[in-house]
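Student: I have a model open and want to go through it piece by piece. Can you take my questions as they come?
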Amino acid sequence: MTASVFDISQENGVVFDTSTGINRQVQRDLRSQGFEMEAVSNFDNGLSVIASWTHLRMSIRKGAAGTAGNELSATPNDVASLWAHYAPRSGLLEGFGIGAGVNALAGAAMGAGERARAVAFAAQGLSFGLMVAAALTVGGWVLAPELLDLMGASGGPRQAARDYLLTVVFGAVFFVLAFAAHGTLATQGDARSFQRAQMGAAAANLLLDPLFVLGFGWGVTGIGVATVLAQAGVCAWMLRRALRSGLLRAAPWSAFRPNFRVIVELARQAFPASLNMLVATVGMFMVLHWLQRFGGAAVAGYGAALRGGQILLLPA
């Protein structure tokens, strides 16, 4: 938690005066007094919350006759904000880094007043996302059976896991592009679109899972199909929002043509963020590899305990 007190004097500040019926710029000597408080809380489940409150009094020290001591009408005395950010800690794209790379680089460019550079990072983030998605799809299709063998899966459980993985891998393009679009929107202060999209995906899964699993009799494959369809909806929503945002609305199609110099910069930002997922995934594979020698019951028990632990730790 942080707190600050300020008392700022400004000479020849430019404000708008409408007292004569004409909106015109005038210069005033101003004084800003107040305090600001901000609290940040990071939870173990990936949720972080930022709350802030600013109390401000901006008065005119010197101006037109009769205005000294008056407050500026367009400046609120109190401003409060509450932001929430969620970064997935589990799932297909836990800690995925393209969105983080776009957010960091495009945000820095916008802060420096380099709008064209920010547009380039946002557009190339989508192009880079397509490349990564293609690699994930092919790699997942080829390596999924090998990974299951490495974990010691066999028989019915192996077949069920294989059916699920070989279905959900086709959703990689939707996962990746949604995260890339989220990076573009987050750069512009829009974190709600992704939150709403994920809430919609959760609702879609609640409806589609029983339909595909029980109604159509697709079993575990039905869960994979439901996940892919739900994330396709997320992707469509996020791309629509990103392409209509102020940053990409007027971007020419040529801005999306792969520019490998920009993509390398994005990759340098994305790779460290993606290491979170890589380390967690490798660790889980190692645990399951050694645990499988104790039998299927031990592996199943570990999986149930892992999910149960995540639920129990949500309040923390």
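Student: Where does Phe170 sit?
Tutor: Phe170 is in the loop between α3 (155-168) and α4. Helices (H or I, at least four residues) and strands (E, at least two) are DSSP runs, numbered from the N terminus.

Student: Before going on, what kind of model is this, and what are the ground rules?
Tutor: This is a predicted model, where local features need pLDDT of at least 70 and side-chain atom pairs count only at pLDDT 80 or more, while totals for chains, interfaces and linings use all residues. Residues are numbered from 1 along each chain as its sequence is written, and side-chain values use heavy atoms, with hydrogens and water left out.

Student: Back to Phe170: buried, exposed or in between?
Tutor: Phe170 counts as partly exposed because its relative accessibility is 46%. Buried means under 20% relative accessible area, exposed over 50%, and partly exposed in between (1.4 Å probe, protein chains only).

Student: Which nonpolar surface patch is Phe170 part of?
Tutor: One of about 670 Å², made by Val138, Trp141, Val142, Leu143, Leu147, Leu150 and Phe170. Patch residues have over 30% relative accessible area and no salt bridge; like charges are joined within 9 Å and nonpolar side chains (Val, Leu, Ile, Met, Phe, Trp, Tyr) within 5 Å. Areas come from the Shrake-Rupley method with a 1.4 Å probe, and for residues only the protein chains shown count as cover.

Student: And α4, how far does it reach?
Tutor: Helix α4 (residues 172-187) has 16 residues and spans 23 Å from first C-alpha to last, close to the expected 22 Å. The expected span is 1.5 Å times one less than the number of residues. Of the 16 residues in α4, 13 are buried. Just after α4, Gly189 has a positive phi of about 85 degrees.

Student: What does Asp190 pair with?
Tutor: The side chain of Asp190 forms a salt bridge with that of Arg241 (3.3 Å, N to O). Arg241 is in helix α6 (residues 220-243) and Asp190 in the loop between α4 and α5 (192-215), so the pair ties together parts 51 residues apart in sequence. A salt bridge is a side-chain nitrogen of Lys or Arg within 4 Å of a carboxyl oxygen of Asp or Glu.

Student: Is Asp190 buried or exposed?
Tutor: Asp190 counts as buried, at 16% relative accessibility, whereas Arg241 is partly exposed at 34%.

Student: How many salt bridges does the structure hold?
Tutor: Four. Glu114, Arg117, Arg261 and Glu265 are linked in a network of them.

Student: Switching to the strands: what does Ser32 touch?
Tutor: Ser32, in strand β2 (residues 24-42), touches Phe6, Asp7, Ile8, Leu56, Arg57 and Met58, not counting residues up to four places away in sequence. Contact means heavy atoms within 4.5 Å. Ser32 counts as buried, at 10% relative accessibility.

Student: Which residues does Glu71 touch?
Tutor: Arg57, Met58, Ser59 and Asn77, with residues up to four places away in sequence left out. Glu71 is in the loop between β3 (47-62) and β4 (78-86), and its C-alpha is 5.6 Å from that of Met58, 13 residues apart along the chain.

Student: What is the overall order of elements?
Tutor: From the N terminus on, β-β-β-β-α-α-α-α-α-α-α-α, which is eight helices and four strands.
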